Amino acid sequence: MQTVTWQQLYDQAVATCQPRDVSDSMYVGSVAAAILTARGDVYTGISIDTTCSIGYCAERNALGSMLTAGATDVVGLVAVRGRDILLPCGVCREFMMQLGQHSGDIEILTSIAPVQTTRLATLYPNFWNA
């Protein structure tokens with residue numbers, strides 16, 4: 001990790017997790033994610049759930065913000081529902097693996113007390129484009 005600690009990244013994800021109804025058809029923020037880039041920048045995102053299933057995950061929301069800002073080099077990721085840590089779904093794992101040849105090295109927080117992480121390649125060992 002860079003100058004941002006896992007605790008800080010976790011705290012930022014928890015603070016971003018603010019579930020709420022946007023409309024009768026859209027519920028957002030039940031999951032939040034924070035990602036850290038090699039430059040030390042942090043990007044956050046929230047889940048978007050819709051009644052017709054066209055929403056998307058907090059992790060990809062945060063990654064979209066990162067890509068919009070011109071960054072591509074994720075080094076750490078935290079996803080939470082409330083204060084509970086979640087692992088990225090298969091779609092998010094696939095999306096992250098396609099960021100580049102070193103994507104398997106992305107660390108993902110699995111526990112905050114004590115701090116424990118796993119590498120994306122451990123969660124997604126048989127990437128089709130390896």
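Modeller: First, a definition: helices are DSSP runs of H or I with at least four residues, strands are DSSP runs of E with at least two, and both are numbered from the N terminus. This is a predicted model, so local features need pLDDT of at least 70 and side-chain atom pairs count only at pLDDT 80 or more, while totals for chains, interfaces and linings use all residues. Residues are numbered from 1 along each chain as its sequence is written, and side-chain values use heavy atoms, leaving out hydrogens and water.

Biologist: What covers the buried residues of H2?
Modeller: Buried means under 20% relative accessible area, exposed means over 50%, and partly exposed sits in between, using a 1.4 Å probe and protein chains only. In H2, the buried residues are Ala58, Glu59, Asn61, Ala62, Leu63 and Met66. With contact meaning heavy atoms within 4.5 Å, the cover includes E2, strand E3 (42-50), E4 and H3.

Biologist: Now strand E4: which valine in it is the bridge partner of alanine 32?
Modeller: Strands count as paired if DSSP finds at least two bridges between them. Strand E2 (residues 26-37) runs antiparallel to E4, joined by 6 bridges. In E4, the partner of alanine 32 is valine 80.

Biologist: Which residue of E5 pairs with valine 80?
Modeller: E4 and strand E5 (residues 84-86) are antiparallel too, over 3 bridges. Their hairpin has 2 residues between the strands, and glycine 82 there takes a positive phi near 70°. Across in E5, valine 80 meets isoleucine 85.

Biologist: Why does serine 103 count as buried?
Modeller: Serine 103 sits in the loop between helix H3 (90-97) and E6. Beyond its neighbours within four places in sequence, serine 103 contacts Met96, Met97 and Leu120. Serine 103 counts as buried because its relative accessible area is 5%.

Biologist: How far is the side chain of serine 103 from the backbone oxygen of glycine 100?
Modeller: A polar contact is a pair of N or O atoms within 3.5 Å; within protein, one must be able to donate a hydrogen and the other to accept it, and residues adjacent in sequence count only if both atoms are side-chain atoms. Serine 103's side chain reaches the backbone oxygen of methionine 96 at 3.0 Å. For the backbone oxygen of glycine 100, the distance is 2.9 Å.

Biologist: How many disulfides are there?
Modeller: A disulfide needs two cysteine sulfur atoms within 2.5 Å. Cysteine 89 has its closest cysteine sulfur, in cysteine 57, at 3.7 Å, so that's too far for a bond. The sulfur of cysteine 92 is also too far from its closest one, in cysteine 57, because the gap is 3.8 Å. For the whole structure, the number of disulfides is 0.
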